[in-house]
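Hi,

Have a look at it first, then read on.

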2 protein chains.
Amino acid sequence: MNIAIDAMGGDFAPDAVVEGAILAYQELPPNSSLLLIGKPEVIQPLLDKHQFNGGNFQIIPASEVIEMGEHPTKALAQKPNSSIAIGFSLLQTKRADAFCSAGNTGAMTVGAMFSIKAIEQILRPAICSLVPTVDGHYGIILDVGANADCKPELLDQFAEIGSVFAENLLNIDKPKVGLINLGEEEQKGTLVVQAAHQLLKQNKKINFIGNIEGRDIFTGKADVLVCDGFTGNVILKMAESIYDILKNKNIHDSFFDKMNYEAIGGSPILGVNGNVVIGHGVSSPLAIKNMIMLAIKMAQSNIHLKIKEALNEKFSA
Amino acid sequence: MNIAIDAMGGDFAPDAVVEGAILAYQELPPNSSLLLIGKPEVIQPLLDKHQFNGGNFQIIPASEVIEMGEHPTKALAQKPNSSIAIGFSLLQTKRADAFCSAGNTGAMTVGAMFSIKAIEQILRPAICSLVPTVDGHYGIILDVGANADCKPELLDQFAEIGSVFAENLLNIDKPKVGLINLGEEEQKGTLVVQAAHQLLKQNKKINFIGNIEGRDIFTGKADVLVCDGFTGNVILKMAESIYDILKNKNIHDSFFDKMNYEAIGGSPILGVNGNVVIGHGVSSPLAIKNMIMLAIKMAQSNIHLKIKEALNEKFSA
């Protein structure tokens, strides 16, 4: 199994990425390799600095870098030799089983759409994030930013692909799907959410438990938390800020520590023909390591194929 | 000054309300009275039980009660002698300067619209909530639930009325207005939020600082946090749940303790011709006391008249 990682992506790249990759080294499954994409002349000295010469590391040269502020579509067109473009090319040609980057989020999303592309029945791919629960488990929330405006049908599809993720990566049998809303009653919420509620209720492929409120996010009431990318993004960043505030106050707790982006590592893009994880721009070595471990789990479970199968079942049912 | 309070409203009414009113007693400003609305035969024994005979309490008889689960409009029509209906009647006839209740939220909102009514230029009233900041101050967020779907013009108006509240009740000069969004750039977000951004940018009556993200909610980056009632409700309930989780873990901190609904007491309805505060259904005596104190502050500053003046300025400018 080959996991490609953008060595040039993130505010603290390439140092933090190389260091994170070395951290991941100890936990790599047998017969797997890390493909570090970037400028060999900066990556090799960093590996040397850490006196690292693990045999399952490979440097894939990429002479260009897409910077954080660049326009995604333009940058991808103008920089075919960028680490992000080359990462997707590795994924497309099956030389990599997963690709992850803490670089330009927009370029990662657009790159996925242009290279490996969305799965045929997918209306729009979603970015998801793990959500810790107070009882020590994880749920999944989607979308957290790819789609600000969502139609009811899209929210319904998020429920399906989120359920496939929860079953396969979180090992949850018949994951409970909750629709994030301002009240429990089905007539509550925006017109879109009210319509989505009806679709979810009729969707036999999922285990819909109804609306969940802001107070239910961390309780494990639902395993798959469905919302538009606007709401999900606000929730995700608010949770991250809660962790930051607690950390600044020197308050540590096993549950709240999981709200730290470093612990989760990255946000998978679901609904594309490959395994892609986007990391936080400020990723530390620990965050990079956990992003790589998440990418490995996705590759091991072939989550993109499971999602494809699940969607096909719908049409053949 | 007369503050009317629904003695029958809330999951723990009338006990918790009467007890909360007694707690507020010590802090009442001179020449002010509390009007306890409800069934005298249950209120008086509770006052007696607490051996309370303060002269500035008055029981206003109301023979009916609107229960938490009742349909707001129907209940108000069918129960003209309910404590909520009578509370609004006191407000409308100026026998009360403010009215607060921890009862049926929908009935409180509908009751306000049918009795004292929305201020002429108001598109739709908003429910707001105080938001603690890490530096020890408070901001205000609106809407937190009255309007799930909001047009750009409505978000623009929330910014205006929220600014009036922040100036007069939080004593903030030129309060900074932030539009809650998934990114800082003005082209980010839903179509509605993008359009609202443009209106806010051009609005000379407010101090617009741009988009703010989920991570900025508690930093004090903005004093007035503008969002639709769907997003605001999720944020508010998520913040409350963070407090609950910390409390269950026996973690106490002056900042997070302010996320406790009890500390804030209630959510004002802004944009109606009177001072109305809605309390949490599960209000404890402490929450009731703080709801009363908030209602007093609103009545003292005549916030509803200030909002009316501010909106008129727009049309005469």
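This is a predicted model: local features need pLDDT of at least 70, side-chain atom pairs count only at pLDDT 80 or more; totals for chains, interfaces and linings use all residues.

**What I found**

Start in chain B, where B:Leu34 has B:Phe57 as its bridge partner in β3(B). That pair belongs to a parallel pairing: strand β2 of chain B (residues 33-38) and strand β3 of chain B (residues 57-61) are joined by five bridges. To get from β2(B) to β3(B), the chain goes through helix α2 of chain B (residues 40-49), and the β-α-β crossover it makes is right-handed.

The predictor's scores for the complex are an ipTM of 0.94 and a pTM of 0.95. For chain A, the average pLDDT is 94, and 99% of the residues score at least 70.

Now look at chain A. Strands β2 (residues 33-38) and β3 (residues 57-61) of chain A run parallel and are paired through five bridges. Here A:Leu34 sits opposite A:Phe57 of β3(A). With helix α2 of chain A (residues 40-49) between them, β2(A) and β3(A) form a β-α-β unit that is right-handed.

**Where the chains meet**

How many residues does the contact take from chain B and from chain A? It takes 37 from chain B and 37 from chain A. Together the two chains bury about 3,200 Å², and 74% of that is on carbon and sulfur atoms. On the chain B side, the residues that lose the most area to chain A are B:Leu182, B:Phe230 and B:Met238, which together make up 22% of what that side buries.

There is a polar part as well. Between chain B and chain A I get four salt bridges. One to click on is A:Asp253 with B:Lys249, where the closest N and O atoms are 3.2 Å apart. The count of residue pairs in polar contact between chain B and chain A is eight, with both residues at pLDDT 80 or more.

Which elements of chain B give two or more residues to the side that touches chain A? They are α7 (191-202), α8 (229-248) and α9 (254-257) of chain B. The largest share of that side comes from α8(B), with 14 residues.

**Backbone spots to check**

A few places in the backbone deserve a look while you have the model open.

- In chain A, the peptide bond between A:Leu142 and A:Asp143 is cis, with omega about 0 degrees. A:Asp143 is in the loop between β6 (138-142) and α6 (152-169) of chain A.
- In chain B, a cis peptide bond links B:Ala13 to B:Pro14, again with omega about 0 degrees. You will find B:Pro14 in the loop that lies between β1 (2-6) and α1 (15-25) of chain B.
- A:Lys94 is not a glycine, yet its phi is positive, at about 65 degrees. Look for A:Lys94 in the loop between α4 (83-92) and β4 (98-101) of chain A.

That's what I have for now.

Cheers

Definitions and conventions
Residues are numbered from 1 along each chain as its sequence is written. Chains are lettered from A and ligands numbered from 1 in the order in which they are written. Side-chain values use heavy atoms; hydrogens and water are left out. Two strands pair if DSSP finds at least two bridges between them. Helices (H or I, at least four residues) and strands (E, at least two) are DSSP runs, numbered from the N terminus. A crossover is right-handed if, with the strands pointing away from the viewer, the path from the first strand over the helix to the second runs clockwise. pLDDT is the predictor's confidence in each residue, from 0 to 100. Contact means heavy atoms within 4.5 Å. Buried area is the accessible area (1.4 Å probe) that two parts lose on being put together, summed over both. A salt bridge is a side-chain nitrogen of Lys or Arg within 4 Å of a carboxyl oxygen of Asp or Glu. A polar contact is a pair of N or O atoms within 3.5 Å; within protein, one must be able to donate a hydrogen and the other to accept it, and residues adjacent in sequence count only if both atoms are side-chain atoms.
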